[in-house]
Amino acid sequence: MTVPVKNNSPYKFNNPLLLQDGIRQALNEPSVDHVDLIMGKVTGVIQPGAAGYAVPNAAGIAGAAIVYNPSTVVAQQVLAKDMKAWQGKDGSIHLTFQTSFIAGKTAAYLRARGTNIPIATPNVTDSAGNPLLDVNDSLVNCADPACPAHLDMVNGVKKVTYDVLAYSNLWFYANPIFIRPEGSPKLLVEKNAELAARLDGDHDHDHDHDGYFGWNR
């Protein structure tokens, strides 16, 4: 992965979420703290509204529901300090790491998730490093004199909200890698890919057909 020298943040003051951990990092110069390798079973399609599709979100907003795979776990967590790093000519930092997994007997997926937020940062991540709802970020003060005037305020104190929240709490997610044991039924993602390829082939054929007759006219 590549960490650019700067992002498009108009703010240069230190990230107020990270200040809780004693980290001074400018909002326009974020860096990666760690990468999670997330793994879960692929159990088949669950239709919206069916049992098990969504569960009450006890840790979030009352009455809300979330959709998640209960088998999903953080299989590995790699800290940036444990990765190989080198600097590019433009000042960017390139980070790499290698790892391995043993495929199980059931279909599964693996994806990478990275963030600038350390594990167990108050109001931002839990003890496993999972992100909390953004509404929790708004409990954190934005005390720097450069904090913009448009932020929400509580008792005269600016809070981490709006664009400051967006530039403070950063995450990236890689597309999942699907793993299917040999001889087991094809996954829906495979069937959809095959269907898309067939439809694309028919689409291209139709265009060629139309072009042929169009040329003759």
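**Figure 1. Pairing of Thr2 with His94 in the predicted model.** The bridge partner of Thr2 in strand S7 is His94. The model shown here and in the other views is predicted. Strand S7 covers residues 93-96 and is joined to S1 by two bridges, with the two strands running antiparallel. These strands belong to an open sheet of three strands in the order S1-S7-S6, in which the pairing is antiparallel. Strands of a sheet pair through backbone hydrogen bonds, in either the parallel or the antiparallel sense.

**Figure 2. Strand S2 and its burial.** Strand S2 spans residues 34-41, and seven of its eight residues are buried, so the strand is largely enclosed by the rest of the structure. The cut-off for a buried residue is a relative accessible area under 20%. Across the protein chain of 217 residues, buried residues make up 27%.

**Figure 3. Partners of strand S2.** Strand S2 pairs with strand S5 and with strand S8. Strand S5 (residues 73-79) is antiparallel to S2, and six bridges join the two. One of the residues to look for here is Ile38, whose bridge partner in S5 is Val74. With strand S8 (residues 108-115), S2 forms eight bridges, again in the antiparallel sense. On that side, Gly40 has Tyr109 of S8 as its bridge partner. In a regular strand the side chains alternate between the two faces of the sheet.

**Figure 4. The second largest pocket.** The second largest pocket holds about 260 Å³ of space. Its lining consists of 15 residues, and those nearest the centre are Pro30, Ser31, Val32, Leu170 and Phe172. S1, S8 and strand S11 (171-173) are the elements that give two or more residues to this lining. By residue type, the lining of the second largest pocket has eight nonpolar, six polar and one charged. Rolling a probe the size of a water molecule over the atoms shows where empty space is left.

**Figure 5. The disulfide between Cys142 and Cys147.** The model has one disulfide, and it joins Cys142 to Cys147 with an S to S distance of 2.0 Å. The torsion about the S-S bond of Cys142 and Cys147 is about -85°, and the disulfide is therefore left-handed. Both Cys142 and Cys147 are buried. A disulfide is a covalent bond between the sulfur atoms of two cysteines.

**Figure 6. Surroundings of Asn141.** Asn141 sits in the loop between helix H2 (134-137) and strand S9 (153-154). Asn141 has a relative accessible area of 38%, so this residue is partly exposed. Leaving aside residues up to four places away in sequence, Asn141 touches Pro16, Val157, Lys158, Lys159 and Val160. For Asn141 and Lys159, the C-alpha to C-alpha distance is 4.5 Å, while the separation in sequence is 18 residues.

**Figure 7. Overview of the protein chain.** The protein chain contains four helices and 12 strands. Of the contacts in the protein chain between residues at least 6 apart in sequence, 63% join residues at least 24 apart.

How values were computed. Residues are numbered from 1 along each chain as its sequence is written. This is a predicted model: local features need pLDDT of at least 70, side-chain atom pairs count only at pLDDT 80 or more; totals for chains, interfaces and linings use all residues. Side-chain values use heavy atoms; hydrogens and water are left out. Buried means under 20% relative accessible area, exposed over 50%, partly exposed in between (1.4 Å probe, protein chains only). Two strands pair if DSSP finds at least two bridges between them. On a 1 Å grid over the protein atoms alone, a cavity is a set of points where a 1.4 Å probe fits but cannot get out, and a pocket is an open set with protein on both sides within 12 Å along at least five of seven lines; lining residues have an atom within 4 Å of a point. Grid points are joined across faces, edges and corners, and a volume is the space filled by probe spheres set on the points. Ala, Val, Leu, Ile, Met, Phe, Trp, Tyr, Cys and Pro count as nonpolar, Asp, Glu, Lys and Arg as charged, and the others, Gly among them, as polar. A disulfide is a pair of cysteine sulfur atoms within 2.5 Å. Contact means heavy atoms within 4.5 Å.
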